[in-house]
Amino acid sequence: MNKEFLEALDELEREKNIPKEEIISAIETAVKTAYEKNFGGNTMVEVDRETGEVQVFLIKDVVAEVEDDENQVSLEEARQYDPDYEEGDEMYFAIDPKDFGRIAAQTAKQIVVQKVREAERQSTYSRLKDKQGTLVSGRIERINNGTIFLAIDNTEGILPVSEQVHSEHFKVGDRIKVFVMDVKDPNRPKASRNGPQVFFSRSHPGLVRELFKLEIPEIADGTVEIKGIAREAGSRTKIAVYSHDPDVDPVGACVGNRGARVQAIVDELNGEKIDIIVWDEEPAVLISNVLRPAVVESVYVEEDEQEKMAIAVVPDQQLSLAIGREGQNVRLAARVSGWKIDIKSRQQLEESGFKFDEYEDIDQSETTAADDIQETQETEEVQVPSDSEEGETVAE
């Protein structure tokens, strides 16, 4: 090694983002391993960080009587070099690395290359790990049995069939936005030799969350917070938002002028319907909101340590709308709010012998507040096409 080689390591550090010290440590390990594999003994290797000089020392134990020539030296011989040696000390013999021979040099080279590759993979992993849970854009490189492989930051990532939306169809060369779901450490047991494995998703609720952060400045800067999100990919998403600024309408901020902001998100999701809901800390108001577009007459809540249960009372003609097609509306409402919701008409409750006095009902002031929110949503949201549920208003 020499100064020119150290300068080359500096360049490698800049280009590959591999610490110079890590490469030098790998070289020290390689030289030590190569010598011990071919010549035996216990060695110590040091690389001078200023000059690049490699120093190799064979370490032997000082003993009264030698039983292992490879690892021991007699006290008598040691004192010929230095009279201060005592039994139990270690003696270091300098070795010229040039004496290793062709086999040892080749072994050292292979180990150095391996260590550099491992360091490069680890560096790539660290960079990609920081992107886990975020949105990235990638180009589709190939499609194999439905699995899509995308190029991201000089790394090939995987979009499994299970994380795709069935209504979406892509081809090689398309650039798409994906959610970084997981990044596997390349140095874990049985890891891929090609580097870290990155797994993407188009169906994860996090994709919608990150799209809102990208398109809505108020969410990006924290003025508006996403409190809950529930998604059935390719069909519908309910997202609950809350404004930390009383002068900022959270729904209006998300929808934008004439629906421009949310429309960009819907376009990216290929027409997936999006319900934008106002979050409220009062459970009854929240449940009334998340069941939109159905009109809720009353909400009875019961909360304990194990379960949060609510009964939402809706008019008879609103039952199907509150439940939604195949139960989708109430299912998403329960997931976004964190409450188990049962939909009933008042007549059904009375006939079942429901004890109204045992539950907390939403009072008149809360109903008014919820109605005010709903009226705001109806003026802000975009009407869905005629093939959606009757009377339904969602951001699309």
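**Notes on the predicted model**

1. Let's start with strand β9, which covers residues 197-201: four of its five residues are buried, so this strand is mostly covered. Keep in mind as you look around that this is a predicted model. As for the overall make-up, the protein has 13 helices and 16 strands. Buried residues account for 46% of its 396 residues.

2. What does β9 pair with? On one side of the story there is β7, which pairs with β9 in the parallel sense over two bridges. Then there is β8, which pairs with β9 in the antiparallel sense over five bridges.

3. Next, have a look at the loop between β7 (155-159) and β8 (175-184), where you will find Gln164. Which backbone oxygen does the side chain of Gln164 reach at 3.0 Å? That oxygen belongs to Leu159. A polar atom of the Gln164 side chain also lies 3.4 Å from the backbone oxygen of Pro160. If you skip the neighbours within four places in sequence, Gln164 is in contact with Gly146, Thr147, Ile148, Leu159 and Ser203.

4. Now for the aromatic rings. A pair of aromatic rings is described by the distance of the centres and the angle of the planes. The structure holds two aromatic pairs. In one of them, the ring centres of Phe57 and Tyr92 are 6.3 Å apart and the planes sit at 80°; planes over 60 degrees apart count as edge-to-face, so that is what we call this pair. The two residues come from distant parts of the chain: Phe57 is in strand β2 (residues 54-63) and Tyr92 is in strand β4 (residues 90-95), 35 residues apart.

5. Are the two partners in that pair buried, exposed or partly exposed? Buried means under 20% relative accessible area, and Phe57 has 18%, so Phe57 is buried. Tyr92 has 38% relative accessibility and therefore counts as partly exposed.

6. Tyr81 and Phe93 make up an aromatic pair as well, and it is edge-to-face, with 6.1 Å from centre to centre and 90° between the planes. This pair also links distant parts of the chain, with Tyr81 in helix α3 (residues 75-81) and Phe93 in strand β4, 12 residues apart. Tyr81 counts as exposed, because its relative accessibility is 55% and the cut-off for exposed is over 50%. Phe93 is buried, at 19%.

7. Stay with Phe93 for a moment, and look for a charged side chain. Lys60 lies over the face of Phe93, at 5.6 Å from the ring centre.

8. Helix α2 (residues 20-39) holds Glu28. Is Glu28 buried or exposed? Glu28 has 16% relative accessibility, so it counts as buried. The Glu28 side chain makes a polar contact with the side chain of Arg49, at 2.7 Å. Leaving out residues up to four places away in sequence, Glu28 touches Val45, Glu46, Val47 and Arg49.

9. Another helix worth a click is α11 (residues 328-337). Seven of its 10 residues are buried, so α11 is largely enclosed by the rest of the structure. The buried ones are Gln328, Asn329, Val330, Leu332, Ala333, Val336 and Ser337. After α11 comes Gly338, which has a positive phi, near 85°.

10. The protein averages a pLDDT of 82, and 84% of the residues score at least 70. Over residues 363-396, though, the pLDDT is below 50, and in the model this stretch has 67 contacts beyond near neighbours in sequence. Where pLDDT is low, the predicted coordinates should not be read in detail.

Methods:
Residues numbered from 1 in each chain as written. Heavy atoms only, no water. Polar contact = N/O pair within 3.5 Å; in protein donor to acceptor, adjacent residues only side chain to side chain. Contact = heavy atoms within 4.5 Å. Buried < 20%, exposed > 50% of the residue type's maximum accessible area, 1.4 Å probe, protein only. Pairing = 2+ DSSP bridges. Phe/Tyr/Trp six-rings, centres within 6.5 Å; stacked < 30°, edge-to-face > 60°. Lys NZ or Arg CZ within 6 Å of the ring centre and 35° of its normal. pLDDT = per-residue confidence, 0-100.
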